[in-house]
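Please study the sequence and the three-dimensional model shown here. The exercises after it are to be worked in order.

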Amino acid sequence: MYNPQSLKAEEFIDHDEIMDTLAYSEQHKNDITLIRQILEKAKERKGLSHKEASVLLMCEDPDLNQEIYALAEQIKKDFYGNRIVIFAPLYLSNYCVNGCVYCPYHTANHHMPRKKLTQEEVRREVIALQDMGHKRLAIEAGEDPVNNPIEYILECIDTIYSVHHKNGDIRRVNVNIAATTVDNYRKLRDAGIGTYILFQETYHKESYEKLHPTGPKHDYAYHTEAMDRAMEGGIDDVGLGVLFGLELYRYEFAGLLMHAEHLEAVHGVGPHTISVPRIRHADDIDASAFDNGIDDDTFAKIVACIRIAVPYTGMIVSTRESQACREKVLHLGISQISGGSKTSVGGYYEAEPEDARSEQFDVNDNRTLDEVVRWLMEMDYIPSFCTACYRAGRTGDRFMSLCKSGQIQNCCHPNALMTLKEYLEDYAAPETAALGSALIEKELDNIPNLKVRGIVNDYLREIHSGKRDFRF
Ligand code: SF4
Ligand code: SF4
């Protein structure tokens, strides 16, 4: 029985409820009256249920689809303005005991070199990332209790936060590691992590079990209930995601939103972020062998419908996507992107040798961070290196209430300008710096509160004279 308040995976992600939702959305995909009603409700900016959002996703009427895109764009502007937060992944280890069939780190891949960064190597990678301008990382590691125990992850987090090279700083470490115990989540919370991210991969239990034939990740319930354990361990901000291409995208879309509804129902706070990765080629993984791949238009529709369904949840698109595709979805609802990423274990400090490569997937957007920053500004976005919220204690429901009321913008926008200023002072190429200075000048006028505008102006001057890390 479907029950969003249940703590059992198969009850809050109930297969029959998803199948009913798919049938309902198929039946109503041309029901103009119903779609208009759903759009009217969505305009209140309080979100939609998985069923309502699924009808929008299936809508075939071209005019209504234009309205869906326009509303997604407007909601994006209202909640997130024009800032885009930037981060980079840092792969710590590709040792893994699982058998995931879509990932080259699976245990049966015997030709891929297995690597695990030493603390000295973590330091080198972090310095290289700081020298690019990054302030926010997402750490990644395979699941291996012997090679990557929680103590190793905690030690790496400590090392990352301890490195301060020149004006560099990593101010927020998000963590993407395997589902674990409440105790371990508590340890991660105590280590000062930002968001705990865990992709569901697929919500379809039967497919999930086939795609994860061996290893602890095979246990669908343990994996699906991980976010509840993370929250029980005191982690306020969790990030959901599925790997589009493994199962029917409509099934995953409904599952994702049901998971968000479950977190809201049980913990009073929905997901902090949702990621929308699509399967990519990698080492021994052939993406075309998966039957459920989606094209760019469908991908854009998914992004728009997620934006409308959960307006207050950040949405992340990585360098799995090309520049062109990222351009297509940024305005529809994306709030965070990665830039200058390496998806190998090591690789920021020095390139891996050709014969010992360890990428988890082929990067589709190979531009440098500076090129990404410049590209964003050329499209009138403000690249933001902000990490303020969790450092100011704005997490979980405290964060969500600010977000739902739209007030978070009063922090995001000034913080974006100040962290961009730091980037321009310390790392930008001359052309990027010139573009950025003009953008900051222009965007200062968009801070409505004159007192705040004055404070930001003062802080910008202080940043220019060498001080760092101002925030609202
Ligand atoms: S997806 Fe994660 S758990 Fe699965 S093989 Fe890759 S690293 Fe291991
Ligand atoms: S103020 Fe908070 S929500 Fe806004 S960009 Fe910074 S960390 Fe994110």
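Predicted model: local features only at pLDDT ≥ 70, side-chain atom pairs only at ≥ 80, totals over all residues.

Residues are numbered from 1 along each chain as its sequence is written, while chains are lettered from A and ligands numbered from 1 in the order in which they are written.

**Exercise 1.** State which domains the domain assignment gives for the protein chain.

Solution. Step 1: the assignment lists domain 1 (9-76), domain 2 (82-390) and domain 3 (406-464); such bounds come from an automatic or database domain assignment. Step 2: taken over C-alpha atoms, the centres of domain 1 and domain 3 are separated by 37 Å.

**Exercise 2.** Describe the shell around ligand 2.

Solution. Step 1: a residue is near a molecule if its C-beta atom, placed from the backbone, lies within 6 Å of it. Around ligand 2 these residues are Val85, Ser384, Cys386, Thr387, Ala388, Cys389, Ile408, Cys411, Cys412 and Asn415. Step 2: two or more residues come from each of α16 (388-391) and α18 (409-426), and α18 gives the largest share, 3 residues. Helices are DSSP runs (H or I, at least four residues), numbered from the N terminus. Step 3: domain 2 and domain 3 each supply at least three residues of this shell. Step 4: by class, the shell holds 7 nonpolar, 3 polar and no charged residues. Here Ala, Val, Leu, Ile, Met, Phe, Trp, Tyr, Cys and Pro count as nonpolar, Asp, Glu, Lys and Arg as charged, and the others, Gly among them, as polar.

**Exercise 3.** Describe how α4 and α13 pack.

Solution. Step 1: helix α4 (residues 50-58) and helix α13 (residues 296-309) have axes 10 Å apart, at an angle of about 150°. Axes are lines fitted to C-alpha atoms, for helices over the stretch in contact, and angles run from 0 to 180 degrees between N-to-C directions. Step 2: α4 and α13 are therefore roughly antiparallel (an angle over 145 degrees). Step 3: Ala53, Leu56 and Leu57 of α4 meet Lys301, Ile302, Cys305, Ile308 and Ala309 of α13, where contact requires C-beta atoms, placed from the backbone, within 7 Å. Step 4: the residues of this contact comprise 7 nonpolar, no polar and 1 charged.

Definitions and conventions: Parallel < 35°, antiparallel > 145°, perpendicular 65-115°, else oblique. Contact = placed C-beta atoms within 7 Å.
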